[in-house]
Amino acid sequence: MDFAHFIGGQWVADSDVTTNRNPANQDDIIGTYARGGAARVDEAVAAAMAALDDWAHASPQLRHDVLEKAGALIVERKDELGRLLAREEGKTLAEAVGETVRAAQVFKFFAGEALRNTGDAVASVRPGVEVMIEREPVGVIGLITPWNFPIAIPAWKMAPALAFGNTVVMKPAELTPGCAWELANILEQAGCPAGVFNLVMGPGSQVGARIVEHPDIAAVSFTGSVATGRQVAVDCAANGKKVQLEMGGKNPMVVVDDADLDVAVGAALNGAFFSTGQRCTASSRLIVTKGIHDAFLDRLTAAAADLVVGDPLDPKTQIGPVVDQSQMDQNMRYLALASEEGCDVRGGGLGNGNGFFMHPAIFAGASNAMRVSREEIFGPMTSIIKVDDYDEALAVANDTEFGLSSGICTTSLKLASHFRRHAKAGMVMVNLPTAGVDYHVPFGGRKGSSYGPREQGSYAREFYTVVKTSYIAP
Ligand code: NAD
């Protein structure tokens with residue numbers, strides 16, 4: 001089946017298409033998706049500009065109703081959409097349905113936020129003058145999303161953008177256009193007026209780059225790799241656009257001697273390997289104090305070896321495929337590098353079948369200076385770094401150019417509180433995996449991981465609105 005762009009309320013086909021294949025079975029074709037370029041972005045921006053004034057000044061009730069309906073439609077179709085997600089991205093069906101439900105929750109949350117766009121009234125220093133501070137839409141917003149959360153990330157950008165009265169041009173990752181296409185379809189069914197939401201699919205170098213440079217796009221929200229994100233920020237600054245970036249991670253999870261071993265192994269297994277390690281919040285550095293190190297390593301090695309790698313649609317599967325050949329090649333390069341750097345590599349073998357299957361790998365005996373402990377790998381692999389004590393663990397945890405999520409497993413309130421206050425990361429997890437977050441609270445990091453205002457929860461308003469201060473003399 002062919003899937004078209006959604007521009008100005010119309011489905012617009014392109015002669016050029018991208019074939020969307022299942023990473024668990026390369027013979028399974030999900031569909032062919034229109035592959036646009038700069039001209040399609042220009043059409044979409046024109047449609048978004050035309051729709052902006054009415055949408056920006058529409059009753060928040062209308063915006064609420066569209067988002068609420070979209071959330072309800074996603075829930076109604078959660079099994080079917082979850083299956084599509086598992087087929088196009090490769091996470092397990094349970095994870096994929098969970099992510100789909102999350103997308104619905106995000107729409108419903110921002111349906112409420114549309115009604116809560118409050119301002120301030122402040123006494124002026126000038127007698128008889130009133131001052132009002134209000135939040136207005138930014139304008140046409142460009143959204144650029146990655147492949148690893150193909151329904152949740154588009155949702156958590158689209159929903160706040162629309163809730164606060166902006167119009168949108170969205171470009172999903174080339175590997176996962178299917179979920180984004182379904183969201184466009186759902187918004188149309190939910191009564192979103194023509195031009196308010198536009199979907200243009202195609203390569204980042206053309207569609208993404210044009211979004212970033214288009215003079216009528218006022219702001220860009222980007223999630224993806226550090227290299228692309230930094231270029232997006234430079235180009236947005238050059239064009240005077242507001243920008244928000246969520247990028248990579250090299251998230252540490254500290255395990256100290258007093259940790260509950262079951263909790264620590266469970267958190268590490270989930271954080272490092274679930275979703276095939278393809279999470280920006282994955283626990284890719286396990287920093288373990290010497291008293292518990294050997295027991296933790298043995299237990300984790302055994303538990304990782306037991307994980308079932310296979311077809312995401314099989315309910316027994318715990319780890320689906322890597323997303324594509326190029327990511328698989330990168331994973332294999334890092335696996336070889338870990339041995340070259342002197343790690344004791346456990347696991348990491350290839351799986352069977354016509355897909356990109358690999359078993360989780362543990363890099364025992366790693367140091368924090370090794371490239372495998374410094375660079376984001378984005379696969380089911382993690383370094384185990386042995387340290388003397390908590391102080392060294394904290395120093396190693398913070399010794400990274402990233403700062404998205406961080407975690408500690410301990411039964412000591414004192415250490416948990418100290419870690420929470422001293423971790424240089426946007427999110428801290430105590431006795432929990434570094435990955436796995438709520439949708440009604442801010443999400444984001446520090447240092448190389450994030451740039452600009454936070455996403456999600458009521459904090460999302462900061463990016464998706466601009467402040468206006470009015471002075472009124474009667
Ligand atoms: P990517 O940077 O390759 O692509 C992200 C998006 O940018 C895609 O839609 C792509 O087409 C587009 N793009 C590419 N070149 C562009 C250009 N020149 N101008 C504008 N847009 C362009 O990232 P990816 O491989 O899709 O995703 C994986 C990365 O995303 C990882 O680094 C991961 O850590 C990160 N990620 C971060 C978060 C977070 O919230 N921090 C969440 C998920 C993923």
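This is a predicted model: local features need pLDDT of at least 70, side-chain atom pairs count only at pLDDT 80 or more; totals for chains, interfaces and linings use all residues.
A crossing of two helices is called left-handed if the near helix is turned anticlockwise from the far one by less than a right angle, and right-handed if clockwise.

**Helix 2 and helix 4**

Helix 2 (residues 60-76) passes helix 4 in a left-handed crossing. The axes of helix 2 and helix 4 (residues 93-114) come within 8 Å, and they cross at roughly 165°. Because angles over 145 degrees count as roughly antiparallel, helix 2 is roughly antiparallel to helix 4. Which residues of helix 2 meet helix 4? They are P60, R63, H64, L67, E68, A70, G71, A72, I74 and V75, and on the helix 4 side they touch T100, A103, A104, F107, K108, F110, A111, G112 and A114. Sorted by class, this contact between helix 2 and helix 4 holds 12 nonpolar, four polar and three charged residues.

**Helix 2 and helix 6**

Helix 2 also packs against helix 6 (residues 177-189), at an angle of about 125° and with the axes 9 Å apart. That angle makes helix 2 oblique to helix 6. Here the crossing is right-handed. From helix 2 come V66, K69, A70, L73 and I74, which meet L183, I186, L187 and Q189 of helix 6. The contact of helix 2 with helix 6 counts seven nonpolar residues, one polar and one charged.

**Helix 4 and helix 5**

Next, follow helix 4 to helix 5 (residues 152-163). Their axes lie 9 Å apart at an angle of about 10°, and helix 4 and helix 5 are therefore roughly parallel to each other. Helix 4 brings E99, R102, A103, V106, F107, F110 and A114 to this contact, while helix 5 brings A152, A155, W156, M158, A159, P160 and A163. By class, the contact of helix 4 with helix 5 has 12 nonpolar, no polar and two charged residues.

**Around the ligand**

Finally, the ligand. There are 26 residues around it, and T145, S225, M247, C280 and E376 come nearest.

| Residue | Distance to a ligand oxygen atom |
|---|---|
| W147 | 3.0 Å |
| K171 | 2.9 Å |
| S225 | 2.6 Å |

Methods:
Residues are numbered from 1 along each chain as its sequence is written. Side-chain values use heavy atoms; hydrogens and water are left out. Axes are lines fitted to C-alpha atoms, for helices over the stretch in contact, and angles run from 0 to 180 degrees between N-to-C directions. Helices (H or I, at least four residues) and strands (E, at least two) are DSSP runs, numbered from the N terminus. Angles under 35 degrees count as roughly parallel, over 145 as roughly antiparallel, 65 to 115 as roughly perpendicular and the rest as oblique. Contact means heavy atoms within 4.5 Å. Ala, Val, Leu, Ile, Met, Phe, Trp, Tyr, Cys and Pro count as nonpolar, Asp, Glu, Lys and Arg as charged, and the others, Gly among them, as polar. A residue is near a molecule or strand if one of its heavy atoms lies within 4 Å of it. A polar contact is a pair of N or O atoms within 3.5 Å; within protein, one must be able to donate a hydrogen and the other to accept it, and residues adjacent in sequence count only if both atoms are side-chain atoms.
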